[in-house]
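Thanks for coming. I have one structure to go through today, so please have a look at it before I start talking.

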Amino acid sequence: MLNIVLFGPPGAGKGTQASKLIDEYQLVHISTGDLFRMHIKEQTDLGKRVKELLDNGILVPDSITIDMLEEEVVKNPDAKGFIFDGFPRTVAQAEALDKFLVSKGSAISLVLQLDVNEDELKRRIAERKKVSGRADDDEEKLVKRIDEYFQKTVHVLPYYAEQSKLKVVNGIGVIDEIFAELCGAIDAAK
Ligand code: ADP
């Protein structure tokens, strides 16, 4: 199985690259942000519990996020592999994911970090806001999301670096060139 974590701050281009990667490698894409937004839209119990957190750019508690993620993996028993996008965002989530994959006789193959500086992130999300209509793309919410990333999420990187699974890719440049570099890293890890 080819299990890839796509890692990077809000606005790094994870969604864009994930959709190209799933076509190329026939993987199942699991974006925890997309899943939460779907629950909110459909007004499920879970959606009602997490709406305020998402609206304010605050991370959803680990237990809720991990349960939702595992449920999604289990729904795809025939998958050739997964692209995890926006997950794990904390070390506890990374540990839970490893444990869960081991229980399925699998593991994370590679973590691809899209590296983009803060000024570029803010510029991109201001652009995206014009079309996304996402409440959390507002300037002040965005600051909170970037803050959550640098406070909590970056700590996941050393966790994977220690396992020699981390590959950093420059996330600024032409989309297809970034994609080619991601593919190169995946092919080398296969
Ligand atoms: P971004 O563009 O900020 O990376 P996402 O769509 O990945 O956006 O996530 C949107 C929001 O969903 C986050 O700000 C957070 O509230 C929630 N969320 C998504 N994934 C996770 C996760 N793994 N753990 C906790 N909260 C999450």
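Predicted model: local features only at pLDDT ≥ 70, side-chain atom pairs only at ≥ 80, totals over all residues.

Let me start with the ligand. Which residues come nearest to the ligand? Of the 18 residues around it, those are Thr32, Arg37, Ile58, Gly86 and Gln93. By class, the shell around the ligand is made up of 7 nonpolar, 5 polar and 6 charged residues. Helix 2, residues 32–41, supplies the largest share of that shell, with 4 residues.

Now some individual atom pairs. Thr32 has a polar side-chain atom 2.7 Å from a nitrogen atom of the ligand. Arg89 also places a polar side-chain atom by a ligand nitrogen, here at 3.0 Å. With Ile58 the backbone is involved: one of its polar backbone atoms is 2.7 Å from an oxygen atom of the ligand. As for the surface of the ligand, it exposes 550 Å² when taken alone, and the protein buries 96% of that.

Where does the ligand sit? The space it takes is the largest pocket.

On to the cavities. Rolling a probe the size of a water molecule over the atoms shows where empty space is left. How many cavities of 30 Å³ or more are there? The count comes to 1. The largest cavity holds about 60 Å³ of space. Its lining includes Leu6, Phe7, Lys14, Phe87, Tyr149 and Thr153.

Key. Residues numbered from 1 in each chain as written. Heavy atoms only, no water. Near = heavy atom within 4 Å. Polar contact = N/O pair within 3.5 Å; in protein donor to acceptor, adjacent residues only side chain to side chain. Areas by Shrake-Rupley, 256 points an atom, 1.4 Å probe, with all protein chains shown as cover. 1 Å grid on protein atoms, 1.4 Å probe; cavity = no way out; pocket = protein on both sides within 12 Å on 5 of 7 lines; lining within 4 Å. Sits in = over half its atoms within 2 Å of the grid points. Helix = DSSP H or I, 4+ residues; strand = E, 2+ residues; numbered from the N terminus. Nonpolar A, V, L, I, M, F, W, Y, C, P; charged D, E, K, R; others polar. Points joined across faces, edges and corners; volume = space filled by probe spheres on them.
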